[in-house]
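Subject: Structure handover

Hello,

I am passing this structure on to you. Please look through it first; my notes follow below.

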Amino acid sequence: MKDRPQDTRGKLTRGSIRGHLVTQTTPMIIGVAAIMSIGLVDAYFIGQLGRTELAAISFIFPISVALTSMGVGVMVGINSVVARALGEGDWDKAARRANFGMVFAVTVGVVLGLTLFALLDPLFALMNADAATLPFIRTYMQPFALGFPLLMTIMGINGTLRGQGEARKTSYISVCYAAANWVLDPILITGAFGIEGLGIVGAAYATLIGWAIAIVLGLYLIRKTDLPLNPALIREGRIGAPLAAIARVAAPAAFSNSINPIGLSVLTALVAIEGQAAVAGFGAAGRLQSFATVPLLALSGSIGAIVGQNWGASQFERARRAVRYAFGFCMVYGLAIALVLFGFGERFAGLFSDDPAVVAQFDAYLEIAVWGYAGFGLLITANGVLNAVDKASLALLQSFARVFLVMMPFAWLLRGSWGADAIYAAELVANLAGGALGAFIVWRVLRAKGDRSAEAD
């Protein structure tokens, strides 16, 4: 264990806020880009198998993202409680929360994985997956579901690392299992080096192997921090306080994060009515979009530790300053990347498919949806801030409103007259409305705390 600083509060309570945003977000951009690249590489090699296989992975994508997002919610809960404990200077509390958090993450992974395995067929039938696509979906999702606890183990490790401000170490873990996928995908999906490819299930096996390798690295890295894995703290049995603290953030954060991919699942089901080519184009474009928004996703992850530690240390103005910088970045980057994808959408489509119908849907989606990226960035960053200050229920509220009060009604009402374009436009409108609502709620929360503190002084 490293020597603790003379100021026992977390390291993000000292120094330049802008410097912390850069040093915490930059490695997370690398890590998140690595993770998102897995989806792109999967889509590239699976696309070589045919339209049906590409459509299958398009159905799978929102479900796998929803499950992963629930895992991210658990990670956010661990991150939040560890960061605030460190901000208070209570290292013992932080250690108990970190260690129980990792056990909690694995337990959630087992429950979710078994539930998914049991509900595979009815779930994808509900999404309008046809009889030709379902066998490919089942082949991929069965090993994915049984291996899901491996991903949740990574989430538990990363939550502890993020809460300490160890963004660089989390990026090492992400790059590790992404690199394993890059190497294994061509071997296991299409075949290489004299090895016969396994088809779509090869992508699932590549993912599971990558997770296992990343866990080994993660356990090694966490030993080098101030909050290493300590089974003795688990055996003490004092789980009530850590469980309550983590669950208060993790439960709403998990649902908040999963609401967005749940909405994507509904949109995919609506797109499926338009045909297999529409599903393939929509799914492939969504994977490119996920990669394009990596800096926004990384920022939403890094902001939690910065705001959380300063909030725990009662340095509210530093927390507000971090949010101002973060929101400004969301606006600038969101508009810049929208211009790039709008101008080159058809060229990007050619990387995934040479089917003209698929390319047309891919390009149509990007022409409409990209203009909401800035709003999406504001929304997810606002969620990260609210989770960090123990206001996860508000983050859940704004995510719920975005999907169920804006996106789904818009898509449902206009699909009959606009076709697939209504679904793409629904995502645009929802991102703009969600971003505006998220920014408003965050500033109300942060300003109210500052005002109360000033009155107390």
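In which helix is A98 found? A98 is found in helix 3, where helices (H or I, at least four residues) and strands (E, at least two) are DSSP runs, numbered from the N terminus. Before the rest, two remarks on how to read the notes. This is a predicted model, in which local features need pLDDT of at least 70 and side-chain atom pairs count only at pLDDT 80 or more, while totals for chains, interfaces and linings use all residues. Residues are numbered from 1 along each chain as its sequence is written, and side-chain values use heavy atoms, with hydrogens and water left out.

The chain as a whole

The chain has 17 helices and two strands. Its radius of gyration is 21 Å, close to the 23 Å that the globule rule gives for 457 residues, so the chain is as compact as a globular protein of that length. That radius is taken over C-alpha atoms, and the rule is 2.2 Å times the number of residues to the power 0.38. Along the principal axes, the C-alpha atoms fill a box of roughly 65 × 45 × 35 Å.

Of the 457 residues, 58% are buried (under 20% relative accessible area, with exposed over 50% and partly exposed in between; 1.4 Å probe, protein chains only). Among contacts (heavy atoms within 4.5 Å) with a separation of 6 or more, 82% are between residues 24 or more positions apart. The chain exposes about 17,700 Å², and carbon and sulfur atoms supply 65% of it; the areas come from the Shrake-Rupley method with a 1.4 Å probe, and for residues only the protein chains shown count as cover.

Helix 3

R97 also lies in helix 3, which spans residues 91-118. At 12% relative accessibility, R97 counts as buried. Apart from neighbours within four places in sequence, R97 is in contact with V81, V82, A85, P242, A245 and I246.

A98 is buried too, with a relative accessible area of 0%. Leaving out neighbours within four places in sequence, A98 has contacts with V82, T160 and L227. A98 and Q309 are 211 residues apart in sequence, and their C-alpha atoms are 15 Å apart in space.

S302 sits in helix 12 (residues 294-312) and is buried, with a relative accessible area of 2%. Beyond its neighbours within four places in sequence, S302 is in contact with Q24, T25 and M28.

S314 is in the loop between helix 12 and helix 13 (316-349). S314 is not a glycine, yet has a positive phi of about 60°.

Aromatic pairs

How many aromatic pairs does the structure hold? There are 11, counting rings of Phe, Tyr and Trp (its six-membered ring) whose centres lie within 6.5 Å; planes under 30 degrees apart count as stacked, over 60 as edge-to-face and the rest as tilted. One of them is Y365 with Y424: the ring centres are 5.2 Å apart and the planes are at 85°, so the pair is edge-to-face. This pair links distant parts of the chain, with Y365 in helix 14 (residues 356-369) and Y424 in helix 17 (residues 420-456), 59 residues apart. Both Y365 and Y424 are buried. Elsewhere, ring pairs link Y140, F144, F148 and W211 into a cluster.

Regards
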